[in-house]
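Subject: Structure handover and findings

Hello,

Here is the structure we talked about passing on. Please open it alongside this note.

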Amino acid sequence: MRVGAQPLAGGFGGMAAAGGEGTEGDSDGGSEELVLTPAQLIHSLEQAWLNEKFAPELLESKPEIIECVVEQLDHMEENLKRAKRGDLKVSVHRMEIERIRYVLSSYLRCRLVKIEKFFPHVLEKEKSRAEGEPSILSPEEFAFAKEYMANTETYLKNVALKHMPPNLQKVSLLKSVPKPNLDSFVFLRVLERQENILVQPEMDEQRDYTIDLEEGSQHLIRYKTIAPLVASGAVQLI
Amino acid sequence: MEPAEAEFLAEKELVTIVPNFSLDRIHLIGGDLGPFNPGLPVEVPVWLAINLKQRQKCRLIPPEWMDVEKLGEIRDQERKEDTFTLMPSPYYMELTKLLLNYASDNIPKADEIRTLVKDTWDTRIAKLRLSADSFVRQQEAHAKLDNLTLMEINTAGTFLTQALDHMYKLRTNLQPGESAHSQDF
């Protein structure tokens with residue numbers, strides 16, 4: 001994914017900063033390069049942020065978006081450092097940088113909270129992931145999750161387990177840490193029309209029925225059935 | 001989602017201002033903002049408009065729906081209908097609050113507008129409460145909420161989804177044969 005070249009800071013004394021070429025992002029073997037404008041990039045960051053906020057489980061990691069956004073922010077910061085005068089422009093750019101930075105850090109923090117909450121399941125899912133499927137953890141997040149797991153195990157061992165009788169010294173973190181509740185309800189807005197989405201009421205007397213999702217409509221529904229739509233970007237959680 | 005975060009999203013909406021300074025085009029990461037000339041109206045996002053207004057560098061022009069008659073009509077329609085009316089802006093509540101807080105001198109009949117918007121909001125929230133109640137009572141699995149704005153969904157949303165989750169957990173534990181899942185929250 002590349003960010004389309006655009007003069008980012010054209011007003012700063014004639015320095016036309018070329019738009020960030022995020023070529024490190026497209027390392028997933030031969031996928032097509034999407035050229036996004038910076039505005040579209042920020043929009044997809046915000047979508048990813050909202051989805052991550054409201055989804056009960058950890059969603060796919062989006063390394064391309066994050067790398068490109070960080071690049072854009074660094075670019076803009078550099079330009080601002082070089083252009084000291086022009087107080088109004090500098091402050092406007094700074095305000096925008098702060099806004100984007102807030103969304104980015106809120107997104108990353110939300111992911112870390114979920115990793116800490118569901119760490120055995122996240123690591124298990126990552127281990128049993130098939131070759132072509134996208135990863136739900138970035139390399140740094142994976143290292144963090146493994147460390148967190150190792151630290152928790154050491155802690156439990158030192159504080160409690162080693163004082164237990166020998167046959168009770170094992171604990172299965174996978175069984176004791178709660179799983180994400182995929183049956184929780186979420187609000188969503190439909191971006192692309194979908195047909196025949198299955199709705200499963202809990203009581204056995206009510207039968208399953210299907211609904212169509214019109215573009216632009218908003219719904220309250222259980223997460224499990226629409227999880228693949230969130231991953232593909234056809235709906236947006238709100 | 002915090003109300004402040006809903007306001008954060010609402011601040012991206014565009015609003016017209018009349019600047020009293022001049023500046024050529026700014027190329028922000030999120031898009032370009034057109035050249036600023038004193039006395040000529042230009043569109044900027046709300047976060048910038050509020051900031052410029054606080055520095056006394058511009059005058060805000062209220063959006064066309066922020067007008068006593070129009071809001072009065074909307075309020076009456078909301079009271080008549082059982083369903084939710086389409087609001088003129090998906091962020092009407094946040095925009096009203098921001099603009100009336102920081103730029104009430106630029107908006108004619110600010111107090112009346114505030115009352116009208118509050119009345120409409122109260123009616124809509126009451127309707128939302130009723131429909132949430134019947135949703136839970138009839139144990140529905142799906143609801144369509146088309147003309148609701150983000151702020152309204154946000155106000156009722158967290159409580160509603162958590163309550164529904166708890167009810168679901170309690171109910172599925174009642175059904176026999178599910179006892180294997182009793183520790184899985």
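Below is what was found in it, element by element.

**Ground rules**

This is a predicted model, so local features need pLDDT of at least 70, side-chain atom pairs count only at pLDDT 80 or more, and totals for chains, interfaces and linings use all residues. Residues are numbered from 1 along each chain as its sequence is written, chains are lettered from A and ligands numbered from 1 in the order in which they are written, and side-chain values use heavy atoms, with hydrogens and water left out.

**Chain A overall**

Chain A holds seven helices and seven strands. Both are DSSP runs, numbered from the N terminus: helices are H or I with at least four residues, strands are E with at least two. Along the sequence the order is β-β-α-α-α-α-α-α-β-β-β-β-α-β. The chain has 238 residues, and 45% of them count as buried. Buried means under 20% relative accessible area, exposed means over 50%, and partly exposed is in between (1.4 Å probe, protein chains only). Take the contacts in chain A with a separation of 6 or more: residues 24 or more positions apart account for 72% of them. A contact here means heavy atoms within 4.5 Å.

**Helix α5 of chain A**

Helix α5(A) runs over residues 139-159, which is 21 residues. Its first and last C-alpha are 30 Å apart, close to the 30 Å expected at 1.5 Å a residue. The expected span is 1.5 Å times one less than the number of residues. Which residues of α5(A) are buried? They are E141(A), A145(A) and T152(A). These cover an arc of only 45° around the axis, which puts them on the same side of α5(A). The arc is that of the directions from the helix axis to the C-beta atoms. An α-helix has 3.6 residues a turn, so residues three or four places apart point the same way. The cover over the buried residues of α5(A) includes α3 and α4 (119-127) of chain A. The face turned away from the buried side carries the exposed residues P139(A), E140(A) and E147(A).

Helix α2(A) spans residues 63-82 and includes E67(A). E67(A) is partly exposed at 33% relative accessibility. Its C-alpha is separated by 13 Å from that of E140(A), 73 residues apart along the chain.

L73(A) is also in α2(A). L73(A) is buried, with a relative accessible area of 4%. Leaving aside neighbours within four places in sequence, L73(A) is in contact with I97(A), I100(A), R101(A), L104(A) and I29(B).

Q40(A) lies in helix α1(A), residues 38-54. Q40(A) is partly exposed, with a relative accessible area of 42%. The C-alpha atoms of Q40(A) and V177(A) are separated by 38 Å, and the two are 137 residues apart along the chain.

**The cavity**

There is one cavity of 30 Å³ or more. On a 1 Å grid over the protein atoms alone, a cavity is a set of points where a 1.4 Å probe fits but cannot get out, and lining residues have an atom within 4 Å of a point. Grid points are joined across faces, edges and corners, and a volume is the space filled by probe spheres set on the points. The largest cavity has a volume of about 30 Å³.

What lines the largest cavity? From chain A come L88(A) and V92(A). From chain B come F21(B), L23(B), I26(B), F36(B), L48(B) and L52(B). By class, the lining has eight nonpolar, no polar and no charged residues. Nonpolar covers Ala, Val, Leu, Ile, Met, Phe, Trp, Tyr, Cys and Pro; charged covers Asp, Glu, Lys and Arg; the others, Gly among them, are polar. Helix α3 (87-117) of chain A and α2 (46-54) of chain B each supply at least two lining residues.

Among the buried ones are W47(B), N51(B) and K53(B).

Just after α2(B), Q56(B) takes a positive phi of about 60°. Q56(B) sits in the loop between α2 and β5 (58-61) of chain B. Q56(B) counts as exposed, at 66% relative accessibility.

K109(B) has a positive phi too, near 55°. K109(B) lies in the loop between α4 (92-102) and α5 (110-137) of chain B. At 51% relative accessibility, K109(B) counts as exposed. Most residues other than glycine have a negative phi.

Best wishes

Methods: On a 1 Å grid over the protein atoms alone, a cavity is a set of points where a 1.4 Å probe fits but cannot get out, and a pocket is an open set with protein on both sides within 12 Å along at least five of seven lines; lining residues have an atom within 4 Å of a point.
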